[in-house]
Amino acid sequence: MIDYSLYLVTGRELLPQGQDYFDSLEQSLQGGVTVVQIREKNTDTSEFLDIALRSKAICDRHNVPMIVNDRVDIALAVQASGVHVGQTDMPVSIARKLLPRGTVIGVSCNNIQELDKAISDGVDYVGIGAVWSTTTKTLNKPVVGVRGVGELLRKLDGTSVKAVGIGGIKLKNLLRTLHGSVSTTNRALDGVAVVSEIVASTRPREAAAKLCEVLSTFRSGGSIIKAMRTRSEYTAGSVIDGVIQIMNCVRDHNPLVHQITNNVSIAQSANATIALGASPIMATTVQEMEDISRINGALLVNIGTLVPTAYEGMVVAGSCANAQKKPVVFDPVGVGASHFRQSSVNTLLDTWQASVIKGNAGELAALAGSNEVQSKGVDTIGSGFKDPVSFARNLARKERCVVVMSGKIDYISDGTNVAVLSNGHQLLGQITGSGCIAGSCIASHCAGAMILAQGEDKEGKLVIGDVFLGAIGGILALTISAELAALREDVKGPGTFFPALIDELFTLTPRSIQERARIQIQ
Ligand SMILES: Cc1ncc(COP(=O)(O)OP(=O)(O)O)c(N)n1
Ligand SMILES: Cc1ncsc1CCOP(=O)(O)O
């Protein structure tokens with residue numbers, strides 16, 4: 001049985017100047033590479049054969065299987081453990097006939113049709129890619145993206161076909177690649193294939209060892225959502241206690257909440273953030289994203305008024321936040337309203353891992369590709385999903401993050417638990433931007449959750465802090481403050497409601513949360 005965990009595909013053209021190929025291979029194996037593919041694109045047969053023979057001797061010493069790219073004849077000649085063929089190479093059925101029994105055959109797959117064919121051809125493994133863009137090879141098919149890999153992996157359920165991801169996989173995106181590509185049925189990649197991250201390194205042993213470390217922390221995680229949350233079980237009582245702890249932490253530490261949001265509700269969002277005790281920064285320019293991401297807190301991305309400069313900032317800000325393991329709250333406002341919004345949202349979610357996605361039923365339906373609920377612009381039409389609990393749970397599994405479905409009742413899921421919250425007031429629906437304010441409240445609480453978790457083990461986690469509690473806390477703070485504001489005598493309608501809401505967010509007490517929270521965990 002081949003261990004596909006860290007699959008090195010060679011690329012002599014990428015070796016740093018002065019680096020010997022065989023020495024680099026030896027070091028990569030010492031670093032923990034578990035399977036090697038010899039890939040020679042511009043080499044004569046005799047030289048290819050020589051390289052394959054010498055590489056095989058090195059792999060044998062490490063007891064690591066060696067696979068040959070494209071060339072069945074060379075695989076046969078060196079008694080390789082397998083061959084890897086592309087879509088236009090020798091058909092699997094013929095390779096199978098030529099190769100000795102037990103020789104592994106792998107095929108490159110970019111889409112469902114290719115994967116279906118590979119399964120019916122009886123391949124041993126598939127190389128799915130390119131997962132990310134890469135400069136190592138000129139791609140003639142679309143990049144699959146980590147979410148796309150998850151869709152393909154689902155097809156492997158019930159088969160014994162193994163799968164590795166390939167293309168642009170680096171140390172910096174490895175955890176995101178592994179986490180984000182797990183299918184809704186919990187099928188994960190069996191490994192990752194890399195070329196440049198190891199071959200182009202001046203220290204291939206260290207490069208391989210670091211990749212192995214991330215692979216093993218991800219594997220030891222157990223729960224599919226481990227990289228996103230810190231507890232395995234929640235009760236209504238434990239959630240309220242956790243929310244209060246986070247709320248106090250926000251007030252005590254005044255965390256930075258970076259918000260790239262729309263120009264309709266930018267001031268309301270900033271005011272709500274301040275009222276909760278956090279510190280808003282509404283920065284959109286690409287050049288400042290990295291600096292801002294270094295400060296503990298959270299990022300909110302809201303596409304309400306999507307303009308090109310802000311969009312570029314969103315792409316970079318999310319990646320920088322992921323690199324710092326900061327919570328990223330994503331509000332895909334009106335995603336169903338235009339193809340432009342839809343494709344922008346897809347690019348953003350393919351680029352970085354959201355920690356929380358918040359939207360109304362119409363927005364989340366559009367995101368999930370469901371036509372059960374329609375929307376008009378940024379609003380939901382009709383009464384929502386027949387089974388909102390399952391919908392929220394499934395979308396959280398699909399997007400590998402916490403999902404908040406806002407409405408009269410709010411449903412919040414981490415893919416396992418669903419919190420059903422029934423606080424709020426109708427006046428929230430009569431001011432502009434209450435959904436955007438909810439995003440700011442969630443981001444503020446996620447920032448608090450990050451600060452609270454500072455001392456905890458960060459290994460294997462994509463985000464620091466319990467973002468499930470952060471999301472619940474943000475919604476409770478807003479909806480309970482809205483109830484309290486609506487009770488005030490000075491509130492006569494939407495115009496007086498908004499300043500009262502800010503006041504109530506500012507003075508919200510743990511006791512009000514304890515007494516008023518209407519929460520069920522399912
Ligand atoms: C593990 C793995 N997956 C995919 C490929 C790509 O193979 P192919 O499509 O044949 O392209 P070339 O490698 O020949 O350029 C691979 N080599 N390994
Ligand atoms: C061979 C191949 N097939 C799809 S992408 C790719 C190259 C991957 O190289 P890198 O790991 O350097 O991006």
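1. Is R294 buried, partly exposed or exposed? R294 is partly exposed, with a relative accessible area of 47%; buried means under 20%, exposed over 50% and partly exposed in between, with a 1.4 Å probe and protein chains only. E290 is also partly exposed, at 47%. The two residues form a salt bridge whose closest N and O atoms are 3.3 Å apart. A salt bridge here is a side-chain nitrogen of Lys or Arg within 4 Å of a carboxyl oxygen of Asp or Glu.

2. On provenance: this is a predicted model, in which local features need pLDDT of at least 70 and side-chain atom pairs count only at pLDDT 80 or more, while totals for chains, interfaces and linings use all residues. Residues are numbered from 1 along each chain as its sequence is written, chains are lettered from A and ligands numbered from 1 in the order in which they are written, and side-chain values use heavy atoms, with hydrogens and water left out.

3. The whole structure has 22 salt bridges. One of them pairs R147 with D350, at 3.1 Å between the closest N and O atoms. This pair links distant parts of the chain, 203 residues apart: R147 is in helix 6 (residues 146–154) and D350 in helix 14 (residues 339–351); helices are DSSP runs of H or I, at least four residues long, and strands are runs of E, at least two, both numbered from the N terminus. R147 is buried at 15%, whereas D350 is partly exposed at 25%.

4. R516 and E483 form a further salt bridge, with the closest N and O atoms 2.9 Å apart. R516 lies in helix 20 (residues 510–516) and E483 in helix 18 (residues 467–487), so the pair ties together parts 33 residues apart in sequence. R516 is partly exposed at 28%, and E483 is buried at 7%. Salt bridges with shared partners also join R488, D490, D503 and E504 into one network.

5. For ligand 2, a polar side-chain atom of T134 lies 2.6 Å from a ligand oxygen atom, and one of T136 lies 2.5 Å from a ligand oxygen atom. V195 places a backbone N or O atom 2.9 Å from an oxygen atom of ligand 2. The protein covers 92% of the 380 Å² of accessible area that ligand 2 has on its own, by the Shrake-Rupley method with a 1.4 Å probe.

6. For ligand 1, a polar side-chain atom of R39 lies 2.7 Å from an oxygen atom of the ligand. A backbone N or O atom of G86 is 3.2 Å from a ligand 1 oxygen atom.

Note on methods
Polar contact = N/O pair within 3.5 Å; in protein donor to acceptor, adjacent residues only side chain to side chain.
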